[in-house]
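Please look over the sequence and the structure shown below before reading the notes that follow.

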Amino acid sequence: MASKIASTKSVKNQTALLAAGHWLMLSVAINVGFLLKLIHDGNLRIDWYGLHNGQDNGGHLSSYAAEPKPDGQIQNKYINLDHGDPTMYQSYWKQMGDRTDVVISGWQSVSYFSDTKTVCWFLEPGFANAVTRLHKLVGNAETGNRHIVVGTGSTQLFQAVLYALCPYDAPEPMSIVSAAPFYSSYPLITDCLKSGLYKWRGEVDDFNKEAPYIELVTSPNNPDGSIREAVFNGSGQILVHDVAYYWPQYTPISSRADHDIMLFTLSKSTGHAGMRLGWALVKDEAIAKKMVKFIEISSIGVSKDSQVRAAKILDVINDSYEDSKTSNESKRFFDYAREEMAKRWSQLREVVNKGQAFSLPTLPVGECNFSHHTFATQPAFAWLKCEQVDDCESFLKQHKILTRGGVHFGSSEKYVRASLIGHEEDYNEFIRRLSLINSVESP
């Protein structure tokens, strides 16, 4: 009888221990889940870096809004300046709060069509109005007597232009050329489909063919920021102007661009690369219709949701300059962007000029008709030359700085293109590393 009682007590004790264990495990799971949610939501950050380096923080967790990583945390990682990802602009748009918010109902964007009365039938009227209004405000492009063709970024528009300009019955592909250094994606986009309509021929100075050809004029130029005009003015020449960087944060606006075909992109004007939107201003209706046909065939139009969001953002910019009630509420977009680019270029030139390891091109100075400030062109990219090594891209990679080598732009290996429009902490680390390299490499 006593053994049965003991056995019963033992079972009860084991059951109690198991129950306690289960509650303990459940409690741990709940608390870990809660901690992970705080970290994910940005309300909790653990100072692992401080703990690792023996800094005394009392062993506590710091509970506050997520902040940029301290410089020490990125000193040993690769800084990727290869792509022109415009994350510099993110901080500005965060400060704008809900001013750029839009609500898109479930019944919207059901139809393929936006406005069948226009040449570009998938162009949202609100986006078209916002684009026209912005160009009028900034004064960087003529919009009168032109057709707006919207595309999935300027990349699709570039392909659409080639499709529209090249005859189907030509005995050989149309030649596509540009002055070096040229945008590195031009050759890749041109030849990726092995089209029989057109073919990349490279540097315009090396091109002496009498047959018709298309010259791509990028101004301000990517990668070196120079202000460009057409190299030749032959009878068989067709010009396409890529003016993605002709905005007042990058260069003084001296006049309204007035060309037959002009390509713009949202990614470099406002920083919203993820919306994948660009637009072309086209004089000739027949060319605009062919461009629309290409986009119709390749993607059956362009996202309406992206156009609605973009229209809201452009209207917020327009309103901030045109409406006296909102103009003083916060720093206006182009003012912020111009000042940020000026700061970054000033820091970069100061570091480069302290040694002999690197050099930068001299860029033109002018008065901006929009901001009424006089300043030098301050491109989104630095066209950096290594003065003491032949392969600049590989040299910088040894210092964990990823750039794009000059050979991709039809130029020398001594040059690289480095993006200046990324996150502030990455840019600051780039400046720090250049300064260290300069101090070691210079005599």
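A residue is called buried when its relative accessible area is under 20%, exposed when that value is over 50%, and partly exposed in between, using a 1.4 Å probe and counting protein chains only. By this rule Gly151 is buried, because its relative accessible area is 0%. This is a predicted model, in which local features need pLDDT of at least 70 and side-chain atom pairs count only at pLDDT 80 or more, while totals for chains, interfaces and linings use all residues. Residues are numbered from 1 along each chain as its sequence is written, and side-chain values use heavy atoms, with hydrogens and water left out.

**The chain as a whole**

- The chain contains 13 helices and 15 strands, where helices (H or I, at least four residues) and strands (E, at least two) are DSSP runs numbered from the N terminus.
- Of the 443 residues in the chain, 46% are buried.
- The chain exposes about 22800 Å², of which carbon and sulfur atoms supply 53%; accessible areas come from the Shrake-Rupley method with a 1.4 Å probe, and for residues only the protein chains shown count as cover.
- Among contacts (heavy atoms within 4.5 Å) with a separation of 6 or more, 71% are between residues 24 or more positions apart.

- Gly151 lies in strand E2, and, leaving aside neighbours within four places in sequence, Gly151 is in contact with Gln156, Leu157, Arg276, Leu277, Gly278, Ile295 and Val302.
- Although Gly151 and Arg276 are 125 residues apart along the chain, their C-alpha atoms are separated by 8.1 Å.
- Asn438 belongs to helix H13, which covers residues 424-441, and Asn438 counts as buried because its relative accessible area is 3%.
- Apart from neighbours within four places in sequence, Asn438 is in contact with Val351, Val352, Lys354, Gly355, Gln356, Ala357 and Phe358.

- In H8, the residues Ile287, Ala288, Met291, Val292, Phe294 and Ile295 are buried.
- Seen down the axis of H8, these buried residues fall within an arc of 155 degrees, so they line one face of the helix; the arc is that of the directions from the helix axis to the C-beta atoms.
- The elements that cover the buried residues of H8 include strand E2 (147-151), helix H5 (153-165), strand E7 (261-265) and strand E8 (278-282).
- For H5, the 13 residues should span 18 Å at 1.5 Å a residue, and the end C-alpha atoms are 19 Å apart, which agrees.
- H5 is mostly covered, since 12 of its 13 residues are buried, among them Gly153, Phe158, Tyr163 and Leu165.

**Salt bridges**

- Side chains of opposite charge can pair when their charged atoms come close.
- The structure holds 19 salt bridges, each being a side-chain nitrogen of Lys or Arg within 4 Å of a carboxyl oxygen of Asp or Glu.
- One of them joins the side chains of Lys77 and Asp426 (3.5 Å, N to O); Lys77 lies in the loop between helix H2 (48-52) and strand E1 (79-80) and Asp426 in helix H13, so the pair ties together parts that are 349 residues apart in sequence.
- Lys77 is partly exposed, with a relative accessible area of 30%, whereas Asp426, at 18% relative accessibility, counts as buried.
- Asp82 and Arg404 also meet in a salt bridge through their side chains (2.7 Å, N to O); Asp82 lies in the loop between E1 and H3 and Arg404 in strand E14 (residues 404-405), so this pair ties together parts that are 322 residues apart in sequence.
- Asp82 counts as buried at 17% relative accessibility, and Arg404 is buried with a relative accessible area of 14%.
- Arg344 forms a salt bridge with Glu340, with the closest N and O atoms 2.9 Å apart; both lie in helix H11 (residues 333-353), 4 residues apart, about one turn of the helix, and both Arg344 and Glu340 are buried.
- Salt bridges that share partners also join Arg133, Asp315, Asp319 and Glu322 into one network.

**A nonpolar patch on the surface**

- Tyr112, Phe113 and Ile300 form a nonpolar patch on the surface, with about 340 Å² of accessible area together.
- Patches are made of residues with over 30% relative accessible area and no salt bridge, with like charges joined within 9 Å and nonpolar side chains (Val, Leu, Ile, Met, Phe, Trp, Tyr) within 5 Å.
- Phe113 is placed in the loop between helix H3 (90-95) and helix H4 (125-138), and Phe113 is partly exposed, with a relative accessible area of 45%.

Methods: The expected span of a helix is 1.5 Å times one less than its number of residues.
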